[in-house]
Amino acid sequence: MTQPTLNKPPLLVFTDLDGSLLDHDTYDWQPAASWLQRLEQRAIPVIPTTSKTRAELLALRQELGLEQTPFIAENGAVIGLPPAWQHARLDRDPASPDGLVVKTPSMDVDFIRRRLDVVRERHGLRFRRMGEMELAEVRELTGLSAVAAEQAMSREGSEPLVWEDDDTKLQALHETLRVDGLRLTRGGRFWHVMGAVDKGQAAEWLLARFESLRGYRPRTLGLGDGPNDLALLSTTDMAVIIAAHHGQPMTLESARVYRTQARGPAGWSEGVAHWLAQEPGWESGEPQ
């Protein structure tokens, strides 16, 4: 079977979703539609880089017209490769109808769940994993619909948990997991346990894959609005910090960082316009 052709874009765009390409409250992306269309016309990949699961992303990718680009899910724990990004010798042809190959660059969720159960019993900790919750409980905790809650529960490389113990024991959990090569990070409603990966490392993995397939390294643009995007924004050639109302510090200062005035998809468009207006050759579709 002939491997699909991967074009030669001068640029890859890595983007956070919630609060960035998608409005934080309404999930609307229309203010970014014209730039998404221009990037598609120039065959420049827009790569979702998000805390969402693969199941949550599949419908969104179709809605946004991004079925042919890779994605980074679960904050870097899961990488999805469409056919054109698959290596004939390194990847097996999947049975899934969407043709995706999914990589978990660190540890898969079954290993993480087993380790969490062992640690909880050994140290007498009190927490509940999402994977052992009923759908109704996840819906109550998140406010999601039944379908959306099922998608959020479909984990591949990370496991959310609700902490029900004191802060001293939480620190002990941090240390125990660190020794196991796992990372505990704070989300909005849950703590998330994953391997020692982040969005920036996943983006670097995808860049290495691109370079192995095409023989050159394109320039990169990263966009995000939250602290979990900083690892990504510190690795891309150009970065956009999108204005947000979360109030958390976004400590990344560099000449290659642009901070927007607008929020959400309007800020996304502002940031893309800022960089691409001065990016030589991006309109030509040829690498510089």
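Is Pro160 buried or exposed? I started the notebook with this residue. The model is a predicted one, and I kept that in mind for every entry. Pro160 has 1% relative accessibility, and the cut-off for buried is under 20%, so Pro160 counts as buried.

**Entry: Pro160 and its surroundings**

I located Pro160 in strand β7. I then listed its contacts, leaving aside neighbours within four places in sequence: Arg128, Arg129, Met130, Arg155, Phe190, Trp191 and His192. I also checked the separation from Gly131, which is 29 residues away in sequence. The C-alpha atoms of Pro160 and Gly131 are 8.0 Å apart.

I next asked which residue of β9 stands opposite Pro160. I found His192 there, and His192 is also on the contact list of Pro160.

I looked for another partner of β9 and found β8, residues 182–186. The pairing of β8 with β9 is antiparallel too, over 5 bridges. In this pairing I noted Leu184 opposite Val193 of β9.

How many residues of β9 are buried? I counted 5 of the 5, over residues 191–195, so the strand is largely enclosed by the rest of the structure.

**Entry: helix α1**

I moved to helix α1, residues 33–41, and asked which of its residues are buried. They are Trp35, Leu36 and Leu39. Viewed down the axis of α1, these buried residues fall within an arc of 105°, so they line one face of the helix. I set the general rule beside this: an α-helix has 3.6 residues a turn, so residues three or four places apart point the same way.

What do the buried residues of α1 pack against? I found β2 (46–48), α2 (54–64) and α9 (264–276). On the face turned away from the buried side I noted the exposed residues Glu40 and Gln41.

**Entry: two positive phi values**

I looked up Ala43, which follows α1. Ala43 sits in the loop between α1 and β2. Its phi is near 55°, a positive value in a residue other than glycine. At 34% relative accessibility, Ala43 counts as partly exposed.

I recorded Tyr27 as partly exposed, because its relative accessibility is 45%.

**Entry: Arg120**

Where does Arg120 lie? I placed it in helix α3, residues 109–123. An arginine can be worth a check for burial, so I looked: at 18% relative accessibility, Arg120 counts as buried, the cut-off being under 20%.

I listed what Arg120 touches, not counting residues up to four places away in sequence: Leu125, Phe127, Arg128, Arg129 and Glu132. Arg128 and Arg129 are also in contact with Pro160. As a distance across the model, I took Arg120 to Ala255, which are 135 residues apart in sequence and 45 Å apart in space, C-alpha to C-alpha.

**Entry: the UniProt domain**

I checked the record for annotated features. An unreviewed UniProt entry places "domain: Sucrose phosphatase-like" at residues 197–275. Over that range I read 41% helix and 24% strand. The C-alpha atoms at the ends of the range are 28 Å apart.

**Entry: the whole chain**

I finished with the totals. The protein chain has 9 helices and 12 strands. A compact globule of 288 residues would have a radius of gyration near 19 Å, and the chain has 19 Å, so the two agree. I noted a box of roughly 60 × 50 × 35 Å for the C-alpha atoms, taken along the principal axes.

What share of the 288 residues counts as buried? I have 48% in my notes. The accessible surface comes to about 13600 Å², and carbon and sulfur atoms account for 48% of that area. Among contacts between residues at least 6 apart in sequence, 60% join residues at least 24 apart.

Definitions and conventions
Residues numbered from 1 in each chain as written. Predicted model: local features only at pLDDT ≥ 70, side-chain atom pairs only at ≥ 80, totals over all residues. Heavy atoms only, no water. UniProt positions renumbered as here; feature names shortened; annotations may be inferred. Helix = DSSP H or I, 4+ residues; strand = E, 2+ residues; numbered from the N terminus. Buried < 20%, exposed > 50% of the residue type's maximum accessible area, 1.4 Å probe, protein only. Pairing = 2+ DSSP bridges. Rg over C-alpha atoms; globule rule 2.2 N^0.38 Å. Contact = heavy atoms within 4.5 Å. Areas by Shrake-Rupley, 256 points an atom, 1.4 Å probe, with all protein chains shown as cover. Arc of directions from axis to C-beta.
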